[in-house]
Each structure stands twice: as structure tokens, then as C-alpha cells.
Amino acid sequence: EKPLLRVEGLKTRFFTEEGQVNAVDGIDLSINDSEVFGIVGESGSGKSVTALSVLGLIESPGRITDGHVWYRSPELVESIGADEPSAVDGEYVDLQALSPRVRRTLRGTHFSMIFQDPMSSFNPSLTVGEQIAEAVESQQRARANPRSVASRTQGYGLSSFIMSTVMPSKRYVKEESLDRAIELLEMVGIPDPVLRAEEYPHEFSGGMLQRAMIAQALAGEPNVLIADEPTTALDVTIQAQVLDLLLELQEETGMTILLITHNLGVVARMCDRLGVMYAGEIVERGTLHDVFNDPVHPYTQGLLGSIPDLDGTRDRLQPIAGNVPSLLDHEMPDRCFFADRCPKAMQECLEKPPEFGIAESSSHATKCYLARTSYDETDALTEDYF
Ligand code: SF4
Ligand code: MG
């Protein structure tokens, strides 16, 4: 089957006073329909920027400078194909090539996003029910007319979107949209949804508000849910409950989930396949089974040697001494980015960055010379190098 999303050579740069920061440095991924795909890495590795880039949500001083995000949607091809032929290839639409206006209408309908902090997705002065009902209505409008500027703000937590709409203090939503909001609250396991719909965000506990944010994100029946560290701020038990809820919803709706996390315990619980991200690149990708049982990249091996507990006692991955390198362009070495931290670095690692390859012993791709050469202890760089 053809993948639902194909990310090809995606590059996102931030143009800062210190220079150009290569936050996402040419990543390739394919994500299948109805799977949970994880992107895992330390903070600063580019995971969140990758998610935002896929959705076209990068803002100045950031810019996507290269690559494609192909999304398979015959429905979308039919509705916009004639107007934006250069963005279409067969059943696929290149999200990067779409006009920003059309891309905006995909948010909430085709793609939704949830974050670590649910407060950022809600307006404190409106009831939770009203806001979800509003999401229902704006997604209906966007589906009915993908060319309309139906860009409502909910579900993205980005202040610039909020600023782009002047928010009146009272919204008028249809009765049937409110009913749908109550159904959605029920679907995400909120008790007494009729009563809770009339409450304000601050009346919800963290876990309940997280559920409400998921309900809001699902209002437009998205094909793809992007979840960026969705449970990181919650305590263990609640975290596990919310993850289980996401899995249940995934099974019920068949949606695809792109899960961004620094927590390998979460990946193990949730994902079908994953990509390990380091310094703006995917360095290893494959099925959960293959990557966990037979990691090839020394970075992945390091991560797996220190699986953090779901209880967060080791919240930050610190598997291998050292830090993610500076991604400033003029400081980028022309070699494997991981070499400074790699216990298996060899001379060739310092001469040229590795490409993806498949190790003899494995069936998945890794961006490391070990995936193509057999490693011999004598290849190791001496202590002096470190
Ligand atoms: Fe280590 Fe070399 Fe592989 Fe980079 S290419 S991860 S330095 S072995
Ligand atoms: Mg992040």
C-alpha cells in the first residue's frame, strides 16, 4: 500500500542574527495510513520543528527551504487539483507547494495537532463546550469549501493564529454543534459531559483538559493527528490513561498518529514504526520491533540503553555524554554529526557525512557507516580524539 505521507528531503532553516540554523536538515520519512509513527530524540534535535514543518506552520525567521511533504488524498486532489495543478501528483498533494490559504483549511480537517500544554489550545473566557462546538463548525466550513478562508484558531496554541482573529467574548454556536461537542467529550472519556461542556478550562484538571484538547482536535475528524509530547506534563497514571485513550481513538477512527516524544517508553507503548532524530536528521528508522531489537546507530543504542521510565524519573534522555551539536550553518562540520559523542567513530566518519544504508544484520535503514561496513574494534578512533 502506498504511504499516506511521504516527506522527502525536508529542510527547515531559521535565519537568525548569529547565522542560519539548520533545524531540520533534509529528512526523509514515509508514514502509512492508520499507523502510529513516532519521532524520538532529545530536546533540540528538531522533532517539533519537523512536525510544524509537515503542517506548514513555520514562521519567520524560520522557513522551509527545500523538500516536499506528499499527502495522499484523492478527496483533496479532486477539490483543489484544478486550481493548484503544480501541487498535485496523481493521488498526492504536495503540502509545501499548496497555497498557504488552502493549507490553512487542512488544519483541523485533514490534520490536527495536540500539544503538551492544553491551556494553550483553549481560550480561558469561553466554556469548553462552546470552543469544541466552534471547532466542529469551522471544520465543517473548511471541508465544505477548502478554498474558503476558514482558518479558525483552535487546536494550534500558536499565538499568532489567535492574533489573526479578533476573538469576541461570546460565541454563538448551533445547538447541534454543542451536541456534537458533548459527544466528543464523552468519546474521550470525560464523565458528565453535559455538565462539563458548560465549564471553563480552569475548572478542568490537567488530565481532563488534555482529554478535552484531544476532543477539540478530533472535531474535524482529521486523517492525521500530530501529537507533540502530548503527555509529558502529566503524572504517570494519567499519562498512561491518556496514551491508552489515544490508542483506542486511533483504532476506532483509523486515523494516523505522528507522535513526537523524547520518551522511548512512550514509543514502545504506542508506535508501529519510528524514526530516531538527531541534530536535525533522522538517523535510524524502521518498525518498533526492528529498531528496538536490533538498533544499528550508536545513538539509538545509547538511547535504548537508558529507556526512561514512564514515571519520569529519568525524564531527559542523557544516554551518551555530550550535547546535540550546534546547528548553526558555519559551525556544521562536514562529517557525521554524532562523531563527537560516538563510541564507535572511525576515521571515515570524520571525512564525510554518512548516507542511509541497511546493515547486513538488519532490515531497516540507518544513517551511519556501521550500516554498510563491518565494524572492527581496530577501526575505533583513539582516546585522543575524544
Ligand atoms: Fe558513529 Fe561513525 Fe556511525 Fe557517525 S557514522 S554514528 S560517528 S559510527
Ligand atoms: Mg519539542
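## Briefing: folds, core and ligand site

Ala-279 sits in the loop between β10 (273-278) and β11 (281-287); helices (H or I, at least four residues) and strands (E, at least two) are DSSP runs, numbered from the N terminus. This is a predicted model, in which local features need pLDDT of at least 70, side-chain atom pairs count only at pLDDT 80 or more, and totals for chains, interfaces and linings use all residues. Residues are numbered from 1 along each chain as its sequence is written, while chains are lettered from A and ligands numbered from 1 in the order in which they are written.

**Overall make-up**

- The protein has 12 helices and 13 strands.
- Of its 386 residues, 47% count as buried. A residue is buried if 20 or more other C-beta atoms lie within 10 Å of its own, exposed if 12 or fewer, and partly exposed in between, with C-beta atoms placed from the backbone.
- Among contacts between residues at least 6 apart in sequence, 67% join residues at least 24 apart. Two residues are in contact if their C-beta atoms, placed from the backbone, lie within 7 Å.

**Confidence**

- The average pLDDT (the predictor's confidence in each residue, from 0 to 100) is 86, and 86% of the residues score at least 70.
- Over residues 149-169 the pLDDT is below 50; this stretch has 35 contacts in the model beyond near neighbours in sequence.
- Residues 313-318 also stay under 50 in pLDDT, and the model has 9 contacts for them beyond four places in sequence.
- For the complex, the predictor gives an ipTM of 0.95 and a pTM of 0.87.

**Nonpolar core**

- The largest nonpolar core has 105 residues. Such a core is a set of buried Ala, Val, Leu, Ile, Met, Phe, Trp, Tyr and Cys residues joined through C-beta atoms within 7 Å.
- Helix α8 (residues 206-218) gives the most to this core, with 8 residues.
- Among the residues with the most contacts inside this core are Ile-132, Ala-181, Leu-185 and Ile-226.
- Ile-226 is in contact with Ala-51, Leu-55, Phe-111, Met-113 and Leu-258, leaving aside neighbours within four places in sequence.
- In soluble globular proteins, nonpolar side chains tend to be buried together.

**Val-24 in its strand**

- Val-24 belongs to strand β2 (residues 19-31).
- Val-24 counts as buried because it has 32 C-beta neighbours inside 10 Å.
- Its contacts, not counting residues up to four places away in sequence, include Leu-10, Val-49, Ser-53 and Gly-280.
- Val-24 and Ala-87 are 63 residues apart in sequence; C-alpha to C-alpha they are 22 Å apart in space.

**Backbone features in loops**

- The peptide bond from Ser-60 to Pro-61 is cis, with omega near 10°. Pro-61 falls in the loop between α1 (47-54) and β4 (62-72).
- Asp-192 has a positive phi, near 50°, in a residue other than glycine. Its loop runs between α6 (175-187) and α7 (193-196).
- Ala-279 is buried, because 23 other C-beta atoms lie within 10 Å.

**Ligand 1**

- The shell around ligand 1 holds 14 residues, the closest being Cys-336, Cys-342, Ala-345, Cys-349 and Cys-368. A residue is near the ligand if its C-beta atom, placed from the backbone, lies within 6 Å of it.
- This shell divides into 12 nonpolar, 1 polar and 1 charged. Ala, Val, Leu, Ile, Met, Phe, Trp, Tyr, Cys and Pro count as nonpolar, Asp, Glu, Lys and Arg as charged, and the others, Gly among them, as polar.
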